[in-house]
Amino acid sequence: TKLTTTAACDLCFAKKIKCNMLKPACSNCILYQTECCTTAIRRRADPPKLRPTTKSTPDAQGNSKRLNKRLDGIERQLQRAVASTKPTHAQASAASALSSNGTHDSSFQDTYTGCPPWKFDPVKPSLYYGPSDKELCLPPLHDIMPIIDDYFHACNKIVPLFCEAAFLRLITGWYNKNPKRDKVTWAAILVVIALGLRSSPMPGVAISSSPKEKSEWEDYCMRNSQSVMSDLVAREHDLLGIQVLLALIMLFYNSSDGRPANILVGTAIKLSQRFQLHLNASAQHFTAEEVQQRLRVFWIAYIFDKDISLRTKAPSVQHDADIDVPLPIMILSDGTGLISTKDGHSQLEFFRLRLDLAYIEGKIYDLLYSTRSIKVQGPDRQRRVTSLQVMLDRWYARIPAAFQMDRVSTTVSNANMLEMITGLYHTYLICITSTHGIYSAQAEWMRKVDSLSRVAIQDFALAMHGPRVMTFMQNQDPPLPDAWDHCVDISRGSMKLFQDISPTEGLIWQCSCAHFSALIILLANILISPAHESIYLDLRTATKSIRWFEQLVDVIQSAAYEPMQRIIIDLYKSATTVVSK
């Protein structure tokens, strides 16, 4: 190295601006009002000069020509490869072209996203574990807002999973190019779109203009919201991760297999425990509005946990003894959780009733189906059954007359609310049948069917609930006469309501097991009491349900439902013979 002096002054050199080198001060130093000085610095010596190249020889010229020829050949191959894939890339660009707001074009085609071909199958549902759409695409805002508004006014108002104001702020931030966009927010918007699309038809909305388009967007929303599962469970600063999980449970609930929902419920409950949603002491760090939303999210997770526990005859994740947060108030000031009749004269506290029924579901499992309680026999077990029936009677007595099973289809006009009430009554039916041992091996109606049908009942129960159910069937006491009559009444009412409301596909999957239990009870009652006054009505109701059941079995094409089909056909033939006599 050698000591040299820079041509520019220190200021111009530091700021990398041109120096006019005027003395005693250059123009830039005068402008910045600083002393103009130039210091000597050490610079690297000049690199050695390269020797001049010799003239190219004929061999070198030949090599150069061959190299250029090879490069030309490679370039032609690349051009052919690009030309062969150009239509696909053009389609992908058109499908995933983002507007200035980062949204998907409404003419979405699922095959152009580059994602694996996962689709929601209600017959054989499965969780998605693949990658997400890297662009985090969403439809244009004007396409999704009618769907989101419908979800909040029809569904979220009854089961308050999200705070509407907070959610709309998320959407506003997303479409205003918020630099803090994240995958969990994207997933939350996706699941609300999916719930809105499933809740009711939206004529005039681009992404639901046809059943195929609607189905493709539902699959896109469900797939990509599952693809960010690691982000959901790692979310710490708000409840959005838990809320997305619970929304996915709602979507997977409408299927013939509850295992995906069961897995998601366990994750959601564990997350709620990590957030201490079940502890009252944790509320002191939050505002009143935040505390209210924390309670709502926790109790929704609790409802799913207890319901799946009773349906699958498996223990729940959340223990009641570990909960010390208050129940939601009976009538909320904003009308959340309430269903009104079309004349507005009567209201049903749906959310609170559903929560109280979930508590009873948990008690039914704890007192009758847990590992310890299954060993309880005789008078002690009958006392437990009696206490549970008292709880169920008190719960049922709180339902206003306008919302009773025989009237609600005429007093409530909103289709989404009717579906929720129908699902509520079918859950109540599951509680009744589980409490009174309808499928007990000693039940009177079981003796009315032949040995093949009895084996078929065991096979179906085994396929649905696993080997433990055989112990339940053997150890359960048969229902008492009054309890049997009550089961028949509830079965008749729930089946009639189900047929009156023209159920959607989602409700069909959600209520299928309870509905088939009601069908068996109705047919068995014809055999037990052939002279009862509703025998002809029951047979007509059963005939409609059997037609629907046969269509469902054709769609499912599952060997697990073949025993149930054999049972129902056998009972129906016997009941028809009894009525004809």
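Let me start with a term: buried means under 20% relative accessible area, exposed means over 50%, and partly exposed lies in between, with a 1.4 Å probe and protein chains only. By that rule, 49% of the 581 residues of the chain count as buried.

A word on the source. This is a predicted model, where local features need pLDDT of at least 70, side-chain atom pairs count only at pLDDT 80 or more, and totals for chains, interfaces and linings use all residues. Residues are numbered from 1 along each chain as its sequence is written, and side-chain values use heavy atoms, with hydrogens and water left out.

Now the overall layout. The chain has 21 helices and four strands. Those are DSSP runs numbered from the N terminus: helices are H or I with at least four residues, strands are E with at least two. Contact here means heavy atoms within 4.5 Å. Take contacts between residues at least 6 apart in sequence: 74% of them join residues at least 24 apart.

Next, the core. A nonpolar core is a set of buried Ala, Val, Leu, Ile, Met, Phe, Trp, Tyr and Cys residues joined through side-chain atoms within 4.5 Å. The largest one has 156 residues, and Leu-246 and Trp-445 have the most contacts inside it. Helix H19, residues 505-528, gives the largest share, 15 residues. A second, separate core has eight residues, including Cys-12, Cys-19 and Cys-26.

What does Trp-445 contact, beyond its neighbours within four places in sequence? The partners include Trp-484, Ile-520, Ala-524 and Leu-571.

Last, a helix pair. The axes of H12 (residues 350-369) and H13 (residues 378-397) come within 11 Å and cross at roughly 175 degrees. So H12 is roughly antiparallel to H13; the cut-off is over 145 degrees, against under 35 for roughly parallel, 65 to 115 for roughly perpendicular, and oblique for the rest. Axes are lines fitted to C-alpha atoms, for helices over the stretch in contact, and angles run from 0 to 180 degrees between N-to-C directions. Among the residues that meet are Leu-353 and Tyr-359 in H12, and Met-391 and Trp-395 in H13.
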